[in-house]
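Open the model in your viewer and keep the selection panel at hand. The tour goes stop by stop.

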Amino acid sequence: QVALVESGGGLVQAGGSLTLSCVASEFPFVYYVMGWFRQAPGKGREFVARITATGERTDYADSVMDRFTISRDNAASTVYLQMNRLKSEDTAVYYCAAADSIYAQEYKFWGQGTQVTVSS
């Protein structure tokens, strides 16, 4: 059964850092674009970052540019989100997701999410 399992969330003070991890299983991770999304209380889900299958290209939402870094380890079927200089507005549930193409209209697989809370 396909699974994406996020970890690394928690409570952090504004200005601090966290690294999220997402371990994938039961699908060919090395061929998939991986993305991170987030959903804050009372808001819709929003794109945060994505990375292509080989890692040669990354894209970020403007709100996290220069603060967050997405990376992947294909040997470990894991994608990471390094989050620095966190702000209260980064508080959300963070989800990883997999798409079979950078042109895909939708992400095919989703994790259950991990909570990130930034205290001001």
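**Stop 1: the sheet**

Select Asp-73 and Thr-78: Asp-73 stands opposite Thr-78 in β8. This is a predicted model, where local features need pLDDT of at least 70, side-chain atom pairs count only at pLDDT 80 or more, and totals for chains, interfaces and linings use all residues. Residues are numbered from 1 along each chain as its sequence is written, and side-chain values use heavy atoms, with hydrogens and water left out.

Now show β7 and β8 (78–83), which pair antiparallel over six bridges. Strands here are DSSP runs of E, at least two residues, numbered from the N terminus; two of them pair if DSSP finds at least two bridges between them. Widen to the open sheet of four strands, in the order β1-β3-β8-β7. Its edge strands are β1 (3–7) and β7 (68–73).

**Stop 2: aromatic pairs**

Select Phe-27 and Phe-109. Their ring centres are 4.9 Å apart and their planes at 45 degrees, so the pair is tilted. (Rings of Phe, Tyr and Trp, the last by its six-membered ring, pair with centres within 6.5 Å; planes under 30 degrees apart are stacked, over 60 edge-to-face, the rest tilted.) Both Phe-27 and Phe-109 are buried, meaning under 20% relative accessible area; exposed is over 50%, partly exposed in between (1.4 Å probe, protein chains only).

**Stop 3: charges over rings**

Select Arg-72: its charged end sits over the ring of Phe-29, 4.4 Å from the centre. The test is NZ of Lys or CZ of Arg within 6 Å of the ring centre and within 35 degrees of the ring normal. Finish at Arg-45, which lies over the face of Trp-110, 3.8 Å from the ring centre. Trp-110 is partly exposed, at 28%.
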